[in-house]
Amino acid sequence: MGDQLEPSVPSRQLEPDTTFTPGSVEHLTPDPGVEQRVTSAPGSGVTPVTPADLSRLYPPLPRGEFSPSVLPPSSGQSHRDEFFALRPGALQAAISETERTLGEEDGKVQGAWLLTEVDHWNRESERLVLLTPRVLLVSHYDFVGLSCHLLVRIPLHYIDSITVGPFHFPTTSLSRRCGLGLRLGWDKLRESSFSSRWNPWARDLPTIILTEHPGVESGHLSPLGSLETFRTELTRGVGTAHKEQPLAGRANGPLILEKPIQMETVLGLVSALSNWAQLGYAKPRHLLGF
């Protein structure tokens, strides 16, 4: 005969715990943040919730017509916040980076200034100027990207004229400026060509015009923004360089003049808009970017 089946064990059914007492369960307080559904039983004495009660407890616009408030900027903005060059450490870093381009024959830096260059179209741009016993460096330094875009190197014994005076414009010019300017030239015998004078990006002009930076009004540039201090140091350095390295066929010493600086901007519409917006300076542009 085959294997006999063993009798199955009857399953045990769980019986309810008869040891439960109402006092063994703590009283639970409903969470006020959780919606409670109340159902009134007939004869229980509980008032049912009506739609009017729901609209009072849960209004359709609980925040009303709220919108975030917009606070105006502080009125205490200074020139240090307006120009990136005046922020702490920016000018010192630019001077150190430009100083590394000097050779041993150029000598050590005797002075540094933050000035404004005025081109032949009367457009202004901020420039970092370094003076050594042998050369004058005019750096087109970008204080936003913290890099030098262009570096103009002028030997001091090549400079043959220094002119200081107010700016003078044609009567038809729309772009004018006040204050003093300093124009230095390194070849007073060479006249600028017609194409160079009408080219706003020309680099072959034998002159550079400098004036004070607008941030000098804040007092944070003193004495790095003083045009008078730059004039004194430049005149002394050029005179010494002419004595040590005289040029053949040229008179010893530069020609120092005090007369108005003649500008040739007949109309000056482009420079008027550019200077009004201060596009030649590294500064915050807010909604328009840099």
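A polar contact is here a pair of N or O atoms within 3.5 Å; within protein, one atom must be able to donate a hydrogen and the other to accept it, and residues adjacent in sequence count only if both atoms are side-chain atoms. The side chain of S173 provides an example, reaching the backbone oxygen of T265 at 3.2 Å. The model is a predicted one, in which local features need pLDDT of at least 70 and side-chain atom pairs count only at pLDDT 80 or more, while totals for chains, interfaces and linings use all residues. Residues are numbered from 1 along each chain as its sequence is written, and side-chain values use heavy atoms, with hydrogens and water left out.

The overall architecture comes first. The protein contains six helices and nine strands; helices (H or I, at least four residues) and strands (E, at least two) are DSSP runs, numbered from the N terminus. Of its 290 residues, 33% are buried, where buried means under 20% relative accessible area, exposed over 50%, and partly exposed in between (1.4 Å probe, protein chains only). The accessible surface comes to about 20,100 Å², and 57% of this belongs to carbon and sulfur atoms. Accessible areas come from the Shrake-Rupley method with a 1.4 Å probe, and for residues only the protein chains shown count as cover. Contacts (heavy atoms within 4.5 Å) also describe the fold: among those between residues at least 6 apart in sequence, 64% join residues at least 24 apart.

Leaving aside residues up to four places away in sequence, S173 touches T265, V266 and L267. V266, in turn, lies in the loop between β9 (261–262) and α6 (269–277). With a relative accessible area of 48%, V266 is partly exposed.

V266 also belongs to a nonpolar surface patch, together with L174, L267, L269 and L273, and the accessible area of the patch is about 500 Å². Patches are made of residues with over 30% relative accessible area and no salt bridge; like charges are joined within 9 Å, and nonpolar side chains (Val, Leu, Ile, Met, Phe, Trp, Tyr) within 5 Å. L269 is found in helix α6 and is partly exposed, at 47% relative accessibility. The C-alpha atoms of L269 and S175 are separated by 6.6 Å, although these residues are 94 residues apart along the chain.

A further pairing involves strand β9, where Q262 lies. Apart from residues up to four places away in sequence, Q262 touches both H168 and R183. Q262 is partly exposed, since its relative accessible area is 42%.

Side chains of opposite charge can pair when their charged atoms come close. The structure holds 11 salt bridges, each being a side-chain nitrogen of Lys or Arg within 4 Å of a carboxyl oxygen of Asp or Glu. In one of them, E124 pairs with R177, with the closest N and O atoms 2.9 Å apart. This pair links distant parts of the chain, as E124 is in strand β2 and R177 in the loop between β5 and β6, 53 residues apart. E124 is buried, with a relative accessible area of 12%, and R177 is buried at 15%. R123 forms a salt bridge with D119, the closest N and O atoms being 2.8 Å apart.

Another salt bridge, between E233 and R236, has its closest N and O atoms 3.0 Å apart. Both residues lie in helix α5 (residues 227–244), three residues apart, which is about one turn of the helix. E233 is partly exposed at 29% relative accessible area, and R236 is partly exposed at 47%. Elsewhere, salt bridges that share partners join E228, R231 and E258 into one network.

N122 has a positive phi of about 65° although it is not a glycine, and N122 lies in the loop between β1 (111–118) and β2 (124–131). Q278, in the segment after α6, is likewise not a glycine and has a positive phi near 55°. N122 counts as buried at 0% relative accessibility, and Q278 is buried at 17%.
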